[in-house]
Amino acid sequence: MKLAILSRDSTLFSCRRLRETAQARGHKVDIIDPLYCYMNINSVASAMHYHGGRLGYYDAMIPRIGSLTTLGLAVLRQFEMLGSYSLNESAAIACARNKLCSLQLLASQGISLPITGFADSPDDIGELIAMVGGAPLVVKFVESMQGIGVVLAETKQAAESVIEAFRSLKAQFLVQEFISEACGCDIRCLVVGDQVMTAIERQAKAGDFRSNLHRGGTARLVTISATEQAIAIRATAALGLNVAGVDILRSNRGPLVVEVNASPGLEGIETASGLDIATIIIAFIEGRLANMPFQ
């Protein structure tokens, strides 16, 4: 099997693990930087060129495109046009990356979420704040990642100031109720296919409410309930993903999905769980390709 990992940085832990695992299982693996891709788009013979040469066919793509969303998705879409299987399809990743889109889809499937408010150019900030139950509340960019662009406003005045600052950047943002009883913890469920492979509890560092490991949070293996497992699987399916990191907050009214990550990092979850997630992912791709009619 010939695989390609779409990534800007081949030295990242997740890229290294996936490449080494696939190679150990006898597959050929290339890491392709989307910035150096040239796309020939036409209805007869579309093609992909890279570093001065035309790329051949890849059986499967593993997207790890990080913050390079627009270009990365265009490159992935081109490979999909050329017949490559994608671990997570471009359309599903695009929706997962957009918090507004993903929360709307999750809500439409009856999946419990923190109360969220959105307005493109709110002329009544007070109404937006009241919509989510007032302060404290969280303000976040629609396309924030790894806790960047996520701010806790503890008072109404602070919330108004943060919202005005976000508006001045002409960026789309959400306001969301703050789940204080979570105490800076969330549960990251790693879903592959229709199974939760493992789950870790992430704890924010002292003085922060964001539990992202990139922000200094810590992680430990945790046992989740059947309800939490079912919600993680439903959330992944609702966005059309095959592999996802589903982040759940434990609230007084039950588990709430706060985000679905279409490109979950492997280092923290493999370290905390002791599981070989890279092998699980490569085996999943092998199984999907084996069951395709053209294989």
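This is a predicted model: local features need pLDDT of at least 70, side-chain atom pairs count only at pLDDT 80 or more; totals for chains, interfaces and linings use all residues.
Cys 183 is in no disulfide either, and here the nearest cysteine sulfur belongs to Cys 185, 6.9 Å away. For a disulfide, the two sulfur atoms have to be within 2.5 Å.

## The one disulfide

So which cysteines do pair up? A search of the whole structure turns up one disulfide, and it joins Cys 95 to Cys 101, with 2.4 Å from S to S. The link between Cys 95 and Cys 101 is left-handed, with -100 degrees about the S-S bond.

## Helices α2 and α3

Now for some helix packing. Helix α2 covers residues 69-81 and helix α3 covers residues 90-97; their axes come within 9 Å and cross at roughly 160 degrees. Angles over 145 degrees count as roughly antiparallel, and α2 and α3 are therefore roughly antiparallel to each other. Their crossing is left-handed.

Who does the touching? On the α2 side you'll find Thr 69, Leu 73, Leu 76, Arg 77 and Glu 80, while α3 brings Ser 90, Ile 93, Ala 94 and Arg 97. Sorted by class, the contact of α2 with α3 has four nonpolar, two polar and three charged residues.

## Helices α1 and α9

Another pair to look at is helix α1, residues 13-24, with helix α9, residues 277-290. They pack at an angle of about 60 degrees, and their axes are 9 Å apart. That makes α1 and α9 oblique to each other, and the crossing of α1 and α9 is right-handed.

In this contact, Arg 17, Leu 18, Thr 21 and Ala 22 of α1 meet Ala 278, Thr 279, Ile 281 and Ile 282 of α9. By class, that gives five nonpolar residues, two polar ones and one charged one.

Notes: Residues are numbered from 1 along each chain as its sequence is written. Side-chain values use heavy atoms; hydrogens and water are left out. Axes are lines fitted to C-alpha atoms, for helices over the stretch in contact, and angles run from 0 to 180 degrees between N-to-C directions. Helices (H or I, at least four residues) and strands (E, at least two) are DSSP runs, numbered from the N terminus. Angles under 35 degrees count as roughly parallel, over 145 as roughly antiparallel, 65 to 115 as roughly perpendicular and the rest as oblique. A crossing is left-handed if the near helix is turned anticlockwise from the far one by less than a right angle, and right-handed if clockwise. Contact means heavy atoms within 4.5 Å. Ala, Val, Leu, Ile, Met, Phe, Trp, Tyr, Cys and Pro count as nonpolar, Asp, Glu, Lys and Arg as charged, and the others, Gly among them, as polar.
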